[in-house]
Amino acid sequence: ALMLEVPQVIMRTAPAGPLRDGAEWIQKLLGDAERTAVHLVVLPEELPVSEALELHHRLRDDLGLTQGFVVANRCLPDPFSAGEDCLTRAGSAPLSGMDGLVEAARNLKRRLNLQEVYLDRLRAGMDQAVVCLPEWEQPDFGAQAIDALADAFGAAEGGAP
C-alpha cells in the first residue's frame, strides 16, 4: 500500500483513541493544499516515467492530494547544435583517428533522443510543470549547485515547461 494511504486505512479500521486521532491529524495535514503538496521526482527513463505517471494518477484520482512539481532529475544537456549533428551522422569511414569520439557522440545523441521521448511522455501525462534538473557532476554540492537548481525551479514557476 502507498504510505500516503496509511492514515485513511487507520481511520477506517482503528477504534477511537490516540492512534485514530493521530491518523486524522495526518490526513487533515495531507489534504490541506495550503500546507502540503506532493512533488514527484523521476529519472527521464522508461520505467521511472511509467511509475511516476501511475503514481500521479493514483495521488490525484484516488487520494485527492495536491501535487506540486514533477522533477526530472539528472537530465543531460544537448551539446549538439544543428551544424554539429553531422558528427553523429558520420559514415563508417574513420575521421583521422576519431572513431572513438564519433561513436561517443552517436551514443550521447541516442541517449538524448531517448531522454526527450521520456520527457515528452512525462509532460503529456502530468497536470503540472515538469522541472528538468541537470546531472550534477561536481564532487561538492555548494552555492553554485543550489543557484542552478533554484534557476530551474524559478523557470518552471514562471510557466516554462
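**Notebook: salt bridges and overall layout**

I began with E5, which forms a salt bridge with R58, the closest N and O atoms being 2.7 Å apart; a salt bridge here is a side-chain nitrogen of Lys or Arg within 4 Å of a carboxyl oxygen of Asp or Glu. E5 lies in the segment before α1 (6–13) and R58 in helix α3 (residues 46–63), so this pair ties together parts that are 53 residues apart in sequence.

I noted that the model is predicted, that local features need pLDDT of at least 70 and side-chain atom pairs count only at pLDDT 80 or more, whereas totals for chains, interfaces and linings use all residues. Residues are numbered from 1 along each chain as its sequence is written, and side-chain values use heavy atoms, with hydrogens and water left out.

Is E5 buried or exposed? I found E5 at 17% relative accessibility, which counts as buried, while R58, at 30%, counts as partly exposed. Buried means under 20% relative accessible area, exposed over 50%, and partly exposed in between, with a 1.4 Å probe and protein chains only.

Next I looked up K109, which forms a salt bridge with D78, where the closest N and O atoms are 3.5 Å apart. This pair links distant parts of the chain, with K109 in helix α5 (residues 99–125) and D78 in the loop between β2 (67–75) and α4 (85–88), 31 residues apart. K109 is buried at 18% relative accessibility, and D78 is partly exposed at 44%.

I then turned to E116, whose salt bridge with R123 has its closest N and O atoms 3.4 Å apart. Both partners are partly exposed, E116 at 36% relative accessibility and R123 at 28%.

How many salt bridges are there by this rule? I recorded twelve salt bridges, and I also noted that R60, D61 and D127 are linked in a network of them.

For the whole protein, I listed six helices and three strands, following the pattern α-α-β-α-β-α-α-β-α along the sequence. Helices (H or I, at least four residues) and strands (E, at least two) are DSSP runs, numbered from the N terminus.

Of the 161 residues in the protein, 30% are buried. Among contacts (heavy atoms within 4.5 Å) with a separation of 6 or more, residues 24 or more positions apart account for 67%.
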